[in-house]
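Reader: I'm new to this one. Can you walk me through it, in plain terms?

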Amino acid sequence: MNSSRSYIVNAMIDWIVDNGCTPHVVLDIACEGVVAPTEFANDDRLVLNVSGTAVRNFKLDPDGLEFDARFNGESRHVSSPTGAIVGIFARENGEGMAFKVQSEEQSTLDDEASADGESPKLPSHLRLVKD
């Protein structure tokens, strides 16, 4: 299965905009494949306004995020794998969601496990309840 991150981020953007707020995405610029203006980052995190009025040619799918935006009046292209998206929030109230950084290696391992038909082994959150 594809990573759910791009679907969740798209849904969060819709929810934030529907509530009259401005969506901001947080990228980990230390991740491989991120092309963004690093001079605006703080501690390897870059906060980007992705509202319809701030960006052009916005695309977010399971392969990654890309758009064009202006930084200090200069048009720049931003692209990133979905694994580098570490958060989405509304500027006005901070409501949103955070994600773990997903490395390309981890993504490849997850894809290989899925291809083998094996599910990743997760600790059980279920417990037996007797009445």
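Author: A definition to start with: two strands count as paired if DSSP finds at least two bridges between them. Strand 1 and strand 2 meet that, with 5 bridges joining them in an antiparallel run. Keep in mind that this is a predicted model.

Reader: Which residue in strand 2 is the bridge partner of valine 26?

Author: Valine 47 is the bridge partner of valine 26.

Reader: What is the strand order in the open sheet of 4 strands?

Author: The order is 2-1-6-7, with antiparallel pairing. Strand 2 and strand 7 (96–98) stand at the edges with a single partner strand each, so one side of each has no neighbour in the sheet. From one strand to the next, the twist averages 20°.

Reader: Which strands does helix 1 touch when it packs on the sheet?

Author: Helix 1 touches strand 1, strand 6 and strand 7. The direction of helix 1 makes about 15° with that of strand 6.

Reader: Lysine 59, then. Which residue does it form a salt bridge with?

Author: Lysine 59 forms a salt bridge with aspartate 61, and their closest N and O atoms are 3.6 Å apart. Lysine 59 is partly exposed, at 40% relative accessibility.

Reader: How many salt bridges are there by count?

Author: The count comes to 4 salt bridges. Among them is the one between the side chains of aspartate 28 and arginine 45, at 3.1 Å from N to O. That pair links distant parts of the chain: aspartate 28 is in strand 1 (residues 23–28), arginine 45 is in strand 2 (residues 45–49), and they are 17 residues apart.

Reader: Is aspartate 28 buried or exposed?

Author: Aspartate 28 is buried, because its relative accessibility is 8% and buried means under 20%. Arginine 45 is partly exposed, at 34%.

Reader: What about glutamate 92? Which residue is its salt bridge partner?

Author: Glutamate 92 forms its salt bridge with arginine 91, with 3.7 Å between the closest N and O atoms. Glutamate 92 is partly exposed, with a relative accessible area of 43%, and arginine 91 is also partly exposed, at 49%.

Reader: Change of topic. Which residues have the most contacts inside the largest nonpolar core?

Author: Those are Leu27, Phe67 and Ile88, in a core of 26 residues. The elements giving two or more residues to this core are helix 1, strand 1, strand 2, strand 3 (55–61), strand 4 (64–71) and strand 6 (85–90). As a general point, nonpolar side chains in soluble globular proteins tend to be buried together.

Reader: What is isoleucine 88 in contact with?

Author: Leaving aside neighbours within four places in sequence, isoleucine 88 is in contact with residues including Val9, Met12, Ile13, Ile16, Val25, Met97 and Phe99.

Reader: And Phe67? How many aromatic pairs are there in the whole structure?

Author: A search of the whole structure finds 2 aromatic pairs. Phenylalanine 67 forms a stacked one with phenylalanine 58, at 6.2 Å centre to centre and 25° between the planes. Phenylalanine 67 is buried, with a relative accessible area of 0%, whereas phenylalanine 58 is partly exposed at 32%.

Reader: Back to helix 1. What does serine 6 touch?

Author: Serine 6 sits in helix 1 (residues 5–18). Not counting residues up to four places away in sequence, serine 6 touches Leu60, Asp61, Pro62 and Thr82. Serine 6 is buried, at 1% relative accessibility.

Reader: Last one. Where is aspartate 43?

Author: Aspartate 43 lies in the loop between strand 1 and strand 2. Aspartate 43 is exposed, at 68% relative accessibility. From C-alpha to C-alpha, aspartate 43 and alanine 30 are 9.4 Å apart in space, and 13 residues apart in sequence.

Terms used
Residues are numbered from 1 along each chain as its sequence is written. This is a predicted model: local features need pLDDT of at least 70, side-chain atom pairs count only at pLDDT 80 or more; totals for chains, interfaces and linings use all residues. Side-chain values use heavy atoms; hydrogens and water are left out. Buried means under 20% relative accessible area, exposed over 50%, partly exposed in between (1.4 Å probe, protein chains only). Contact means heavy atoms within 4.5 Å. A nonpolar core is a set of buried Ala, Val, Leu, Ile, Met, Phe, Trp, Tyr and Cys residues joined through side-chain atoms within 4.5 Å. Rings of Phe, Tyr and Trp (its six-membered ring) pair if their centres lie within 6.5 Å; planes under 30 degrees apart count as stacked, over 60 as edge-to-face and the rest as tilted. Axes are lines fitted to C-alpha atoms, for helices over the stretch in contact, and angles run from 0 to 180 degrees between N-to-C directions.
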